[in-house]
Amino acid sequence: ESLSMNQSRIQELAELDKKYFLHPTTAPKTHAEEGPKIMFSEGKGIFVNDMNGDSYIDGVSMLWNVNLGHGQLELAETAKEQMSKLAYSSSFIGYSNEPAVRLAEKLVSLAPGDLNSVFYTSGGSEANDTAFKLARFYWELKGKPQKRKFIALEDAYHGVTIAAQTATSIPNFHTFSNSGISDVFHAKPHLTNCELGDKSDPNYEGCIRDIIEKEGADTIAGIIMEPIQGSGGVHIPPDGYLQAVRELCDELGILFIADEVITGFGRTGLMFGVENWDVVPDLLCFAKGVTSGYAQLGGVLIRQHIRDTIVQYEGVLSHGFTYSGHATACAVALKNIEIIERDNIVVNAKMMEQELKKGFEYLKSKHPMVTKTRAIGLLSAIELYENSDTNKPFDISVKATAQVGEECFKRKLMIRPIRVGEGKNIIAIAPPLVINKQEIEQMISIIDESITAFEKILT
Ligand code: PLP
């Protein structure tokens, strides 16, 4: 295909996109005027190409999900094989298929503690909505139907279906179309002492324990949280926090729901995020990394005591999606997990954390605005401040992270600028788990140049 034919094709697609494709989490007015920011066409490992043939580093694994990187042909072969045999079958009314069963067994074998069965969904939001419904169902079966409320954390992201959206607290998502459910409360995150019962802590008001005391434990079905918050800014809880929440749930009879949609399948340097603190949640929601994005799949892992209660029920479990237990998606997930284990991908994520941290130390030493950095496995962030000595934030009008993000994009690195609340300028970095040392150095050097360019703009 000649260069000019390719150009006219890109042009044509841009026009069609503007006209017909309403994009998620995109400003519709700007998009209708300007069209797509980039039109991806192929990828290999941490790199992804656009239709012009320009190669970008995928510094956030797209939406934190392409854990094995792009162009993984074994996954493509697996999908082709399964689709050629049986692409899909229903899982309703007791129907089943081999990939869904084999994957269930595999997931249970990997999951911590007695998370011993799985309910499949097509993605993360559906997994969280499913967890909420299973929690309420469980308490109904336990003879406590008044336990219906949920507590989530500030800065949480749990997805966009109506219940998951309510649990999400990032302002734009939380308020979009004013569609929440009732009975979801947001607590201050990561206050270990408070959750352990220290009422003298000046932050006690609004912590999880305070909310439970005010609402009454007998009205609370569950607490949902990401073991490490992702979209809210990559917030790693202090040691002891998840254990304190686990203890609190045990003490007061509340289900602990871990949203591992980002943190599952090696992202944090262990197979699941909760393993960093040896905590076993009652329900564990997963999606994204389970297939590295090669097929749409999510689900909820369920602890034995909940399963035991549910299987006593003689009626129908009237919940499920057309694509629950999708044969091709499950086959791809199985292969994805097989490759993760075979190629020591989780260990690689842990080792590359050290390389990232070295890079971050360099950025900090060179650029005063790089004030805080954090990484757990390949889930990481840097925070920018106008004055790192006083933690004085940039004025909102400066759009610090957006500008640095643009500078990175110009230099062919995609990262994720995050603004949560006033004055917080966070850049998330979460490359595919197959990344190597040299590629991390390449990424850091682009960030270095991009911040330098931003510093020039400021002066
Ligand atoms: N939970 C977390 C922690 C997420 O990061 C996301 C997506 O980014 C979701 C849930 C929602 O998943 P999905 O977009 O597959 O519905």
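Mentor: With contact: two residues touch if their C-beta atoms, placed from the backbone, lie within 7 Å. This is a predicted model, where local features need pLDDT of at least 70, side-chain atom pairs count only at pLDDT 80 or more, and totals for chains, interfaces and linings use all residues. Residues are numbered from 1 along each chain as its sequence is written.

Trainee: Which residues of helix 10 are buried?

Mentor: A residue is buried if 20 or more other C-beta atoms lie within 10 Å of its own, exposed if 12 or fewer, and partly exposed in between. Helices (H or I, at least four residues) and strands (E, at least two) are DSSP runs, numbered from the N terminus. In helix 10, residues 208-215, the buried ones are Ile208, Arg209 and Ile212. They line one face of the helix, because they fall within an arc of 95 degrees seen down its axis, the arc being that of the directions from the helix axis to the C-beta atoms.

Trainee: What covers the buried residues of helix 10?

Mentor: The cover includes strand 5 (149-153), strand 6 (184-187), helix 9 (192-195), strand 7 (220-225) and helix 11 (241-252). Glycine 216 follows helix 10 and has a positive phi, near 95 degrees.

Trainee: In what order do the strands of the open sheet stand?

Mentor: Strands pair if DSSP finds at least two bridges between them. Here 4 strands form an open, antiparallel sheet in the order 11-12-15-14. Strand 11 (370-376) and strand 14 (416-418) each have a single partner strand, so one side of each lacks a neighbour in the sheet. Strand 12 (379-384) and strand 15 (426-429) are joined by 4 bridges.
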